[in-house]
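The following exercises ask the reader to work through a single protein chain. Each task is followed by a stepwise solution.

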Amino acid sequence: MIFFRRQGGDTPPDASGAAGPGDGQSGQTGQTGQAGQPVQADPTGLRARCAAADLPDAVRGVVEAETGRMEKTDAAAPENAIVLNYVECLLDLPWNGLTRDSLDLARAAAVFDASHAGLGQVRERVLEHLAARVLCATQPAAVLVVDDEPIARDNVAHVLAREGYTVDTAANGEEALARLARRRYDCIVTDLKMDRMDGMQLMEAARRVAPDTRIVVVTGYATVDTAVQALKTGAVQYLSKPIDIAELRATVREALADRTQGLSSRAPVLCFTGPPGVGKTSVGRALAEALGRRFYRMSLADLRDEAELRGHRRTYVGAMPGRIIQALRATGVRNPVFMLDEIDKVGQDAKGDPAMALLEVLDPEQNARFVDRYLEIPFDLSQVLFIATANGVERLRGPLLDRMEVVEFHGYAEADKLDIATRFLLPRQLREHGLTAPYPQVTPGALSRIINDYTSEAGVRGLERELARLCRKLARLRLEAGGHAGEPAGGPAGATGATGPNERAERAERVERAERAGGIASGTPSPDAVPSNTLLVDDDVAAALLGPPRYRHDAAHGVPRVGTATGLVWSEAGGEIVFVEAARMAGSGQLILTGSLGEVLKESARIALSHIRAEAAHLGVPGLFGQADPVRGGQEDPSGPSGLSGHSGQGDTSAQDIHIHIPAGGIAKDGPSAGLTICVALVSLLSGRPARADVALSGELSLSGRVLPVSGVREKLLAAARAGARTVVLPAANEAEARGLLAEFAARGSGGLPQVAFAARVQDALAVALLPAGAADDRGGACSS
């Protein structure tokens, strides 16, 4: 006979009911509750956290299974730590955590007005986005009650109307379909047996007309077969008559529970594009504040590995969730405002394409069940308000761009920059540099001079850097002048002993120059009533402190010259003014292009020259391309319509080269919008007519001489205003946009705006930009605007 001995010997259980060492499953049972039921041990505390957490049923089952698995594993085993980290990650995620949206549109507008300036179109677009969300969230649910019994129909409608729903009624299925064609209903409560069209037929027709509408079936002929058929047809619930009022209310409330969630999840993903420093990130932060949501910003500029978004599988050493799940774990809610910054800088390598991983994140059809490889459980991202930022959309993949709505941020006008500097930038820099007792008085003239002479950008980052440089110099002046109580005039206490006589003399000379310029108010009150010991910084003092100007904006005030035209281009930093120079010389018939030009820009130059050769008589250069071609000396050119070749004929002494140059050769340039400027420079060169330096041009040129529309009109107008151009020539197709921008600038008090002339063909631009042959003055000339 074989006897089995229990492990651990004959040690009996103690009086409290606890098993001896090794009795049963270790760590599973060890105590009994008040009712005599065994209480499961919880050495890690995870079971208590799981019981207290608000988890979906599927997640709770996974947590409990993994916890039980961990409790059976030796605490020193590596797998124990892996499971512990996994379970803690599941418990920390906000599966059901939401913040309640603020639905006050007036408050949202006040938030934007208090934190931003000069973003009129962007402000309107963001407020429109918020208005749509507010309208969806505040609009009462619409319910349609369909029953051929008037008493039952009226009773159900009365009960639901008292719940706050908008209730309509219909006597049969045909009448209900007619109402569905006129408006949207969130829920239909319908009888099953009706004349002309019963409930089953209505459900089938309603699924085709309004597939998102929830349907509740109510009938007095309830059977198992009819209930199963109704649920298969599309009903969300099946109730029998006589109707229990409480059950009806609960059923309709449950059917409409995710109505707002479904509406908000379809909102488009906004993509803010524009030059650096124009406020893309701060607008996203203001949007989160207006909604009352938490804000999280994630930079994608260094993203190279797809696993950084999707996470690593737990079979790998050091596996962790993706950056999306980590961010939601940090915010503690599943509906934050999530900013994907620098989305156009996403890289690609052998580890995958992260941009393609973003498709699942940003697609409303997929992100409701986003699966992170570490979690291996679907997570709902439909409530997250994603906002992307980029400097341009040219580098974005087509499928990714298709999932976003682009909101363009344009550059600031000088009046906008002055307002931003006065309200936000200067006060912040004064606080950060300790210039608060008292605040220095920086005049608007000083700010305007800093904007014009020391910055040249679309945004305000460079302006803030210059203001910080000014504040550092003011802080040093205040210390050297004995600005703090108890400090000698030479500087802080103890500093004079370590200062040489030359340095003290230079310091005294700087302070004296600032005082002579009016920079530091003396003890005698000034006419402007500036308090004693207050720094007064006007434009002269700002120039003295910041040094020589870095930029000149009077470039468009030069004398008209033959072969030189002024152009407007767009860059990621905003609009810029460029000069196109053309010259001709004896040579071998080449077209020489210099200035770090791209292929598109080179093609624009060839198109301009070919058009001039084809239309020489109409452009005022007759005979130049007839008997004596200035490029080939009248010989037939084998290189094509441009008439250019790198080889000259033997004995040909009349062949000429044409050289086109755009200065600032260290900066790469490309794009078609300089074609009109190049054509004007070439016509000026070949006809001997000077081109006005105060006329800036922008337009793409076709081979037939048509001026095609361009982009970046706002930035180009602002660049022309900064450069002092008197007239801007734009394509006629951009007239509506340009006039709208001029009206907007004028309404906001922006001064110095140029006149705008519109050209449909090259001849229209030549009539404005060129002076008669032999003219060399700076007269303005008439133009139609």
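**Exercise 1. An aromatic cluster**

Is F386 buried or exposed, and what is its relative accessible area?

*Solution.* The model under study is predicted.
Step 1. The relative accessible area of F386 is 3%. Buried means under 20%, so F386 is buried.
Step 2. F338 has a relative accessible area of 1% and is therefore buried.
Step 3. The rings of F338 and F386 form a tilted aromatic pair, with 5.5 Å from centre to centre and 50° between the planes.
Step 4. F338 belongs to strand 10 (residues 337-341) and F386 to strand 13 (residues 385-390); the pair thus links distant parts of the chain, 48 residues apart.
Step 5. Ring pairs join F338 and F386 with Y296 in a cluster.

**Exercise 2. A second aromatic pair and charges over rings**

State how many aromatic pairs the structure holds, then describe the one formed by Y86 and Y374.

*Solution.* 
Step 1. There are five aromatic pairs in the structure.
Step 2. The pair of Y86 and Y374 is edge-to-face, with a centre-to-centre distance of 5.8 Å and an angle of 70° between the planes.
Step 3. Y86 is part of helix 3 (residues 78-92), whereas Y374 lies in the loop between strand 11 (370-371) and strand 12 (378-379), so the pair ties together parts that are 288 residues apart in sequence.
Step 4. Y86 and Y374 are both buried.
Step 5. The ring of Y86 also has a charge over it: the charged end of R314 sits 3.8 Å from the ring centre.
Step 6. Another such arrangement involves R183, whose charged end sits over the ring of Y185 at 5.1 Å from its centre.

**Exercise 3. The buried side of helix 7**

Which residues of helix 7 are buried, and where do they lie around the axis?

*Solution.* 
Step 1. In helix 7 (residues 173-182), the buried residues are G173, A176 and L180.
Step 2. Viewed down the axis, these residues fall within an arc of 55°, so they line one face of helix 7.
Step 3. A181 and R182, on the other side of helix 7, are exposed.
Step 4. The packing partners of the buried residues are strand 3 (142-146), strand 4 (166-170), strand 5 and helix 8 (199-209).
Step 5. The N-terminal end of helix 7 is capped by N172, which has a side-chain oxygen 3.1 Å from the backbone nitrogen of E174.

**Exercise 4. Helix 10**

Apply the analysis to helix 10 and identify what its buried residues pack against.

*Solution.* 
Step 1. L248, T251, V252 and A255 are the buried residues of helix 10 (residues 245-255).
Step 2. Their arc around the axis is only 95°, which puts them on the same side of helix 10.
Step 3. These buried residues pack against helix 6 (150-162), strand 5 (187-191), strand 6 (214-219) and strand 7 (237-240).
Step 4. At the start of helix 10, the backbone nitrogen of A246 has a side-chain oxygen of D244 within 3.2 Å.

**Exercise 5. The faces and pairing of strand 19**

Which residues of strand 19 form its covered face, and which its uncovered face?

*Solution.* 
Step 1. In strand 19 (residues 591-594), L591 and L593 make up the covered face, while I592 and T594 make up the uncovered face.
Step 2. Strand 19 runs parallel to strand 20 (residues 656-661), and four bridges join the two.
Step 3. T594 has H661 as its bridge partner in strand 20.

Note on methods: Residues numbered from 1 in each chain as written. Predicted model: local features only at pLDDT ≥ 70, side-chain atom pairs only at ≥ 80, totals over all residues. Heavy atoms only, no water. Buried < 20%, exposed > 50% of the residue type's maximum accessible area, 1.4 Å probe, protein only. Arc of directions from axis to C-beta. Contact = heavy atoms within 4.5 Å. Polar contact = N/O pair within 3.5 Å; in protein donor to acceptor, adjacent residues only side chain to side chain. Pairing = 2+ DSSP bridges. Phe/Tyr/Trp six-rings, centres within 6.5 Å; stacked < 30°, edge-to-face > 60°. Lys NZ or Arg CZ within 6 Å of the ring centre and 35° of its normal.
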